[in-house]
Amino acid sequence: MWQTRKLDGSDAALDEAAALLRSGALVAMPTETVYGLAGDACNDRAVAEIYAAKGRPSFNPLIAHVADLEMAGQLVELPPQARQLADAFWPGPLTLVLPLKAGAAVSGLVTAGLPTLAIRMPAHPLARALIARQGGPLAAPSANPSGRISPTLAEHVMTGLGGRIAAILDGGPCTVGLESTILAVDPDGTVRLLRPGSITAEDVRERTGITLSSGTDKGIEAPGQMLSHYAPKGTMRLEAKTPAPGETFLGFGPSGGDLNLSPSGDLTEAAANLFRAMHELDRMNAKAIAVAPIPDTGLGRAINDRLRRAAAPRD
Ligand code: TXA
Ligand code: MG
């Protein structure tokens with residue numbers, strides 16, 4: 001049991017957070033996507049603590065966060081397509097699943113025994129400063145209890161994991177609001193979309209000329225992409241033009257609503273607000289939630305992916 005400390009982004013706070021990480025303790029850190037629950041990726045005990053604090057039912061592999069390309073190159077092979085993608089989108093909300101380098105120092109619990117490692121260079125200045133100070137890669141899943149909504153504010157982390165982790169580094173609201181796009185780069189150069197995010201297939205084609213294959217072409221997927229995920233406590237009904245009696249309405253665009261993801265119908269704003277709205281629905285104790293239709297284009301595809309998971313039947 002911890003007395004979870006809330007730290008600001010000052011130099012002294014970053015030093016303290018880095019010292020906690022070096023001692024094997026866990027620190028939640030802001031990234032531009034969502035808050036991550038960080039631990040030293042090379043320390044088996046710290047990584048095991050991440051699974052325990054989240055209550056992850058099984059060892060589902062984690063993303064290693066790096067400060068620069070050199071740190072990445074110590075952990076994974078970087079085929080030409082991976083370099084192209086890194087040049088175009090790092091630092092930023094893109095995770096690459098790449099062949100693990102022989103002898104890489106990361107704990108086997110990070111990859112859950114897979115021959116690949118998911119790796120990301122976040123853009124958030126506090127995340128980058130923390131990784132650099134800690135001096136090595138940080139394993140970090142989203143900082144929510146397993147199966148619950150990802151956190152986009154330090155308060156969300158405190159509500160979900162307070163008492164179970166050493167500290168939370170408060171960087172204010174996450175600007176992107178959805179977890180990173182995950183791409184797997186196979187040894188033959190095929191690039192597969194494993195999880196949609198704010199970097200879309202169109203962005204990838206425009207910036208790199210690479211056309212994405214769908215994640216399931218080869219029967220492999222991000223193992224953590226279980227259907228029920230990101231779920232608020234109430235049930236969710238999607239594509240609702242109007243709410244039924246008793247339903248709380250999550251609107252988009254001019255449809256109004258008890259809450260609205262973006263009154264002007266802007267998908268970027270809606271993505272940034274999505275998880276905060278779900279947390280708010282929990283706080284309002286909404287039992288039945290109706291969600292307005294979201295256009296299934298560009299960033300709307302990532303939003304609809306998260307909404308479908310939130311609406312999926314649960315046990
Ligand atoms: O934006 C994000 O990606 C956030 C921030 C904190 O960086 N992190 C995040 O982590 O969303 P997490 O653990 O909630 O989701 C990581 C996903 C899981 O679905 C996991 O199964 C998948 O990445 N994954 C990790 N390693 C993998 C691998 N080697 N092969 C395939 N999928 C992998
Ligand atoms: Mg997650």
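Predicted model: local features only at pLDDT ≥ 70, side-chain atom pairs only at ≥ 80, totals over all residues.
Okay, strand E13, residues 248-251: Thr248 and Leu250 point one way, Phe249 and Gly251 point the other way, and all of them are buried.

E12 pairs with E15, residues 288-291, in the parallel sense, over 3 bridges. Met236 has Ile289 of E15 as its bridge partner. Then E15 and E13 run parallel too, joined by 3 bridges. And here Ile289 turns up again, as the bridge partner of Thr248. On to the last pair: E13 and E14 are parallel and joined by 2 bridges, with Gly251 bridging to Asn260 in E14.

There's a second open sheet, with 11 strands. Its order goes E1-E8-E2-E3-E7-E4-E6-E5-E9-E10-E11, and the pairing is mixed. At the edges you find E1, residues 5-7, and E11, residues 213-214, each with a single partner strand, so again one side of each is left without a neighbour in the sheet. At the E11 end, E10, residues 191-195, pairs with E11 in the parallel sense over 2 bridges.

Now helices. Take H9, residues 267-283, and H10, residues 299-311: the axes are 9 Å apart and the packing angle is about 20°. With the cut-off for roughly parallel being under 35 degrees, H9 and H10 are therefore roughly parallel to each other. Their crossing is left-handed. Who touches whom? From H9 we have Leu267, Thr268, Ala270, Ala271, Leu274, Phe275 and Met278, and they meet Leu299, Gly300, Ile303, Arg306, Leu307 and Ala310 of H10. By class, that contact has 10 nonpolar residues, 2 polar and 1 charged.

Let's stay with Arg306 for a moment, which lies in H10. Is Arg306 buried or exposed? Buried: the relative accessible area is 0%, and the cut-off for that word is under 20%. What is around Arg306, if we skip its neighbours within four places in sequence? The contacts are Leu178, Glu179, Ser180, Arg195, Pro196, Gly197, Tyr230, Leu274 and Phe275. For a distance to check in your viewer, Arg306 and Pro245 are 61 residues apart in sequence and 25 Å apart in space, C-alpha to C-alpha.

Last up, another helix pair: H1, residues 11-22, and H6, residues 125-134. Their axes come within 9 Å and cross at roughly 55°, which makes H1 oblique to H6. This crossing is right-handed. On the H1 side the contact uses Asp11, Leu14, Asp15, Ala17, Ala18, Leu21 and Arg22, and on the H6 side Leu126, Ala129, Leu130, Arg133 and Gln134. Sorted by class, that's 7 nonpolar, 1 polar and 4 charged residues.

That's my tour, thanks.

Note on methods
Residues numbered from 1 in each chain as written. Chains lettered and ligands numbered in written order. Heavy atoms only, no water. Axes fitted to C-alpha atoms, helices over the stretch in contact; angles between N-to-C directions. Helix = DSSP H or I, 4+ residues; strand = E, 2+ residues; numbered from the N terminus. Parallel < 35°, antiparallel > 145°, perpendicular 65-115°, else oblique. Left-handed = near helix turned anticlockwise from the far one by under 90°. Contact = heavy atoms within 4.5 Å. Nonpolar A, V, L, I, M, F, W, Y, C, P; charged D, E, K, R; others polar. Pairing = 2+ DSSP bridges. Buried < 20%, exposed > 50% of the residue type's maximum accessible area, 1.4 Å probe, protein only.
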